[in-house]
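Please keep the structure open while you read.

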Amino acid sequence: MIAGQAKKTNLLGLDQAGLERFFADLGEKPYRARQVLQWIHQRGVTDFALMTDLSRKLRERLEAVAEIVPPRVIREQLSEDGTVKWLLSEEGGSAVETVFIPEVSRGTLCISSQVGCMLNCTFCSTATQGFKRNLSAAEIVGQVWHAVNALADERFGQKRVTNVVFMGMGEPMLNLPAVTAALSLLRNDLAYGLASRRVTISTAGVVPGIDQLATGDEFALAVSLHAPDDELRSRLVPLNRKYPVAKLMAACKRFVDARPRRSITFEYTMIAGVNDGRAQAKGLVRLLNGLPCKINLIPFNPFPGTPFEPSDPETIYEFQKITRASGIITTVRKTRGEDIDAACGQLVGKLLSPSERRLLVQQQLARQALEAA
Ligand code: SAH
């Protein structure tokens with residue numbers, strides 16, 4: 001940026017209301033926002049000169065005060081099973097990962113909301129990287145923009161993004177202003193036009209966030225539960241000390257009450273000998289009794305330095321039998337993109353040298369020990 005020149009607004013992160021305000025400030029009519037939304041998100045255009053239904057004068061003005069800057073690709077990996085993982089460069093030298101998982105009838109994009117994470121879940125590799133910063137709305141939407149445009153290419157067989165899940169790096173509920181703007185664009189028919197059940201926000205249990213998002217744009221909610229009681233959950237998800245299980249469940253109940261016909265998905269990472277016993281399965285059934293919900297069991301994904309191991313398939317099956325017998329739909333997440341480490345935080349981890357990674361794991365364990373003290 002040249003000294004004295006104002007920073008240009010990246011229009012990628014403005015939802016319809018934001019873009020309408022932006023045009024109002026330029027003395028332009030609100031319908032300009034609708035035109036520009038379609039150019040950016042539906043036609044993938046980043047050059048104002050190509051926006052032919054805007055007057056030349058307006059295009060020149062936009063060039064002077066605004067820009068459309070998607071993230072840059074640092075690395076792209078394609079798995080044998082069709083999963084694609086991108087490491088994307090964000091402002092200030094940060095990097096985040098975005099994963100596309102193709103299935104027969106849908107294509108799910110897993111996006112990040114923060115660089116790193118501050119929650120320190122003991123079984124999550126992102127935690128070993130510490131927290132750097134929140135992503136801006138432009139950086140969150142930029143991941144979707146990039147994937148939609150890249151996947152339209154022949155070499156990916158012109159795949160479509162039909163679902164978006166906030167299950168990459170970071171805690172979306174701790175970055176609500178940016179996540180809310182991104183959500184609005186994902187849902188808007190002039191942008192990505194995804195139906196509410198096709199956009200999932202996954203949270204480790206930030207109660208005020210769940211309450212705040214209970215009204216407003218509709219989306220599917222996933223809650224990372226991982227344990228049915230406070231003692232175990234606090235060990236796995238330290239945030240549980242702030243928002244214990246009873247408070248979290250009360251917020252979940254408020255969420256489904258505010259949205260009739262809604263159900264919540266509870267994610268449960270299966271860790272061998274830690275949270276995968278019959279007692280925990282029964283505890284889960286008691287806890288979720290009466291709440292419209294589903295359970296998604298996720299076999300733990302190991303990463304360098306972790307003391308945990310995944311539960312074996314029989315244990316997962318036994319666990320699933322118990323929750324299913326109580327009438328709760330319970331699925332087991334298929335591991336995808338194993339050959340490219342497409343699970344939480346692993347590509348960024350690979351950029352670090354083994355000694356750097358060990359150091360980060362040690363730092364994480366030290367932080368947890370301090371918190372537990
Ligand atoms: N912070 C949010 C979203 C990011 S994590 C949340 O906690 O929900 C997305 C999901 O992956 C969460 O359910 C998380 O607990 C789970 N996860 C993290 N690390 C994992 C690992 N190593 N193996 C399996 N699941 C993991």
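1. Start with the elements. The chain holds 12 helices and 14 strands. Both are DSSP runs, numbered from the N terminus: helices are H or I with at least four residues, strands are E with at least two. Residues are numbered from 1 along each chain as its sequence is written. This is a predicted model, where local features need pLDDT of at least 70, side-chain atom pairs count only at pLDDT 80 or more, and totals for chains, interfaces and linings use all residues; side-chain values use heavy atoms, with hydrogens and water left out.

2. Next, the overall size. The C-alpha trace spans about 70 × 50 × 45 Å along its principal axes. The radius of gyration is 21 Å, which agrees with the value near 21 Å for a compact globule of 373 residues. That radius is taken over C-alpha atoms, and the globule rule is 2.2 Å times the number of residues to the power 0.38.

3. Now the domains. Domain 1 covers 9-67 and domain 2 covers 72-372. Such bounds come from an automatic or database domain assignment. The domain centres, taken over C-alpha atoms, are 33 Å apart. In the contact between them, domain 1 supplies 14 residues and domain 2 supplies 14 residues. Contact means heavy atoms within 4.5 Å.

4. Look at contacts along the chain. Take those between residues at least 6 apart in sequence: 66% of them join residues at least 24 apart.

5. How much of the chain is buried? Of its 373 residues, 54% count as buried. Buried means under 20% relative accessible area, exposed means over 50%, and partly exposed lies in between (1.4 Å probe, protein chains only).

6. Check the charges. There are 46 positive and 39 negative side chains, and the centres of the two sets lie 4 Å apart. Lys and Arg count as positive, Asp and Glu as negative; His and the chain ends are not counted. Each charge is placed at NZ of Lys, CZ of Arg, CG of Asp or CD of Glu.

7. Two loop residues deserve a look. Gln158 sits in the loop between α4 (137-151) and β9 (163-166). Its phi is near 50°, a positive value in a residue other than glycine. His226 is in the loop between β11 (220-224) and α7 (230-236). The phi of His226 is also positive, near 70°. His226 counts as buried because its relative accessible area is 4%.

8. Finish with Gly130, in the loop between β7 (114-116) and β8 (131-134). Its relative accessibility is 14%, so Gly130 counts as buried. From Gly130 to Leu194 is 64 residues in sequence and 32 Å in space, C-alpha to C-alpha.
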